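This report concerns side-chain packing in one protein model. Please look over the sequence and the structure before reading on.

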Amino acid sequence: NPQERITNQLGDGKLLSQIIKKKVIYDFRQGDIQNNGQGAPLTPIFHYILSKKIQINYNLKLPIGFLNIGGIANVTKVINFSDKIQNNLTAFDIGPGNCLIDEWVRNNSNKKFDQNGELAKSGKVDQLILNLAIDNFKINSYFQSLDVKNFDISFARGLSLEDGCATITNFTAYLIARGLHYISQLNSITFLVCGGGRKNKYLINCIKKYLPNKINIEIIDNYDLKGDFIESQAFGFLAIRSYLNLPISFSTTTRCKVSTVGGKLVK
């Protein structure tokens, strides 16, 4: 809750340091929150570094985008490379990622998620319910971070497992596509998709359906990177930056007042 400057980390950095007898850096969001930031997303600075590698190896044109589909979907756009990182890097939370689909599947079956989007693919979208959900839901500003509790699946009540899954997946895809449209500013851009949601083929195809031709999305694994580990690698990278007293969040990524180092070191 950035407005009340509240952020909680699951896990005890001090205890972990004692157990593994190593230096541990944890609680990355608190400094940003205290600096009037949203506390998220924190991965954009890692995306910035990755984009340099990708551009060199694959000659991908700038700007380069990153779409991370975890519980929440967030997006990064790298505009250019220069000393002033914050002038060339922008990021937002843009909507639900896997959270609504996972909740629906867990509430209505003995499964934990929709593997490869097969349940949604076998269902039928209830267009009336989908249109109502889209009309009734508003993200007032992309400048605020999002939490899974900002969303619910009540609009799909009464649908079958498969039809509900198809309808909720299309709702999620529409919101993600709208966020990509907003951050792209109608420029031609490729977004590289990472996070667990990239494995949901039905979701990815739905996002593509809602996007204009200028916006392209591709799975990040096609660029010699392992999509399952982008976020964990990112936090390892953030730990090193924090240890070196380098900023991990910026006014253009978390809306903090000034670039913020973040993270607490336990020896």
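The sections below describe the basis of the model, its nonpolar cores, a helix contact and a group of aromatic rings.

## Basis

The model is predicted, so that local features need pLDDT of at least 70 and side-chain atom pairs count only at pLDDT 80 or more, while totals for chains, interfaces and linings use all residues. Residues are numbered from 1 along each chain as its sequence is written, and side-chain values use heavy atoms, with hydrogens and water left out.

## Nonpolar cores

A nonpolar core is here a set of buried Ala, Val, Leu, Ile, Met, Phe, Trp, Tyr and Cys residues joined through side-chain atoms within 4.5 Å, where buried stands for under 20% relative accessible area, exposed for over 50% and partly exposed for values in between (1.4 Å probe, protein chains only). The largest such core has 48 residues, and the members that touch the most others are Ile94, Leu180 and Ile207. Helix 7, residues 161–184, contributes the most to this core, with eleven residues; helices (H or I, at least four residues) and strands (E, at least two) are DSSP runs numbered from the N terminus.

Leaving aside residues up to four places away in sequence, Leu180 touches Leu67, Val75, Ile94, Phe191, Ile207, Leu211, Ile215 and Ile217, contact being defined as heavy atoms within 4.5 Å. Another core, of 25 residues, lies apart from the largest one and has Leu42, Tyr48, Tyr223 and Leu238 among its members.

## Helix 6 against helix 7

In the contact between these two helices, Ile129, Leu130, Ala133 and Ile134 of helix 6 meet Thr167, Asn170, Phe171 and Tyr174 of helix 7. By class, this contact has six nonpolar, two polar and no charged residues, with Ala, Val, Leu, Ile, Met, Phe, Trp, Tyr, Cys and Pro counted as nonpolar, Asp, Glu, Lys and Arg as charged, and the others, Gly among them, as polar.

## Aromatic rings

The structure holds nine aromatic pairs, for which rings of Phe, Tyr and Trp (its six-membered ring) must have centres within 6.5 Å, with planes under 30 degrees apart counted as stacked, over 60 as edge-to-face and the rest as tilted. Phe137 and Phe151 form a tilted pair, at 5.4 Å centre to centre and 35° between the planes, and both residues are buried.

Phe137 also pairs edge-to-face with Phe171, at 5.9 Å centre to centre and 85° between the planes. This second pair joins the loop between helix 6 and helix 7, which holds Phe137, to Phe171 in helix 7, 34 residues apart. Phe171 is buried, with a relative accessible area of 3%. Ring pairs link Phe137, Phe151, Phe155 and Phe171 into a cluster.
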